[in-house]
Amino acid sequence: MAIILRLDRMLADRKMQLSELADRIGISVVNLSNIKTGKVKAIRFSTLNLICRELNCQPGDILEYQPDSEGA
């Protein structure tokens, strides 16, 4: 997929554990872990909003576009 999730990078930059973020925004650790590892096909804007609010970042800090090798 051409969209790469960089939640792990933002957590490291903020020196925050996944479980701490989950507690702060009220989302399960399992769901956040799936986002962190890129095992999701979609992310709700409401979830993205909560993450960005808590990490004090922009959506572009978490989402990165990387073209597929086929150019799709």
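Colleague: In which loop is Ser-28 found?

Modeller: Please keep in mind that this is a predicted model. At 36% relative accessibility, Ser-28 counts as partly exposed, and its C-alpha atom is separated by 14 Å from that of Ile-43, which is 15 residues apart from it along the chain. As for its place, Ser-28 is found in the loop between H2 and H3.

Colleague: Which residues of helix H2 are buried, and why do they line one face of the helix?

Modeller: Helix H2 covers residues 18–25, and the buried ones there are Leu-18, Leu-21, Ala-22 and Ile-25. Seen down the axis of H2, these buried residues fall within an arc of 100 degrees, so they line one face of the helix. What covers them includes helix H1 (7–14), helix H3 (29–36) and helix H4 (45–55).

Colleague: How are H2 and H3 oriented to each other?

Modeller: The axes of H2 and H3 are 9 Å apart, and the two helices pack at an angle of about 120 degrees. An angle between 65 and 115 degrees would count as roughly perpendicular and one over 145 degrees as roughly antiparallel, and therefore H2 and H3 are described as oblique to each other.

Colleague: What is the handedness of the crossing of H2 and H3, and which residues of H3 make the contact?

Modeller: The crossing of H2 and H3 is right-handed. On the side of H2 the contact is made by Leu-18, Ser-19, Leu-21, Ala-22 and Ile-25, and by class the contact of the two helices has six nonpolar, two polar and one charged residues. On the side of H3, the residues are Val-29, Leu-32, Ser-33 and Lys-36.

Colleague: Is Thr-47 buried or exposed, and with which residues is it in contact, leaving aside its neighbours within four places in sequence?

Modeller: Thr-47 is found in helix H4. The cut-off for a buried residue is under 20% relative accessible area, so Thr-47, at 14% relative accessibility, counts as buried. Leaving aside neighbours within four places in sequence, Thr-47 is in contact with Ile-27 and Ile-35.

Colleague: What is the phi of Lys-15, which is not a glycine?

Modeller: Lys-15 has its place in the loop between H1 and H2, and at 76% relative accessibility Lys-15 counts as exposed. Although Lys-15 is not a glycine, its phi is positive, at about 50 degrees.

Methods
Residues are numbered from 1 along each chain as its sequence is written. This is a predicted model: local features need pLDDT of at least 70, side-chain atom pairs count only at pLDDT 80 or more; totals for chains, interfaces and linings use all residues. Side-chain values use heavy atoms; hydrogens and water are left out. Buried means under 20% relative accessible area, exposed over 50%, partly exposed in between (1.4 Å probe, protein chains only). Helices (H or I, at least four residues) and strands (E, at least two) are DSSP runs, numbered from the N terminus. The arc is that of the directions from the helix axis to the C-beta atoms. Contact means heavy atoms within 4.5 Å. Axes are lines fitted to C-alpha atoms, for helices over the stretch in contact, and angles run from 0 to 180 degrees between N-to-C directions. Angles under 35 degrees count as roughly parallel, over 145 as roughly antiparallel, 65 to 115 as roughly perpendicular and the rest as oblique. A crossing is left-handed if the near helix is turned anticlockwise from the far one by less than a right angle, and right-handed if clockwise. Ala, Val, Leu, Ile, Met, Phe, Trp, Tyr, Cys and Pro count as nonpolar, Asp, Glu, Lys and Arg as charged, and the others, Gly among them, as polar.
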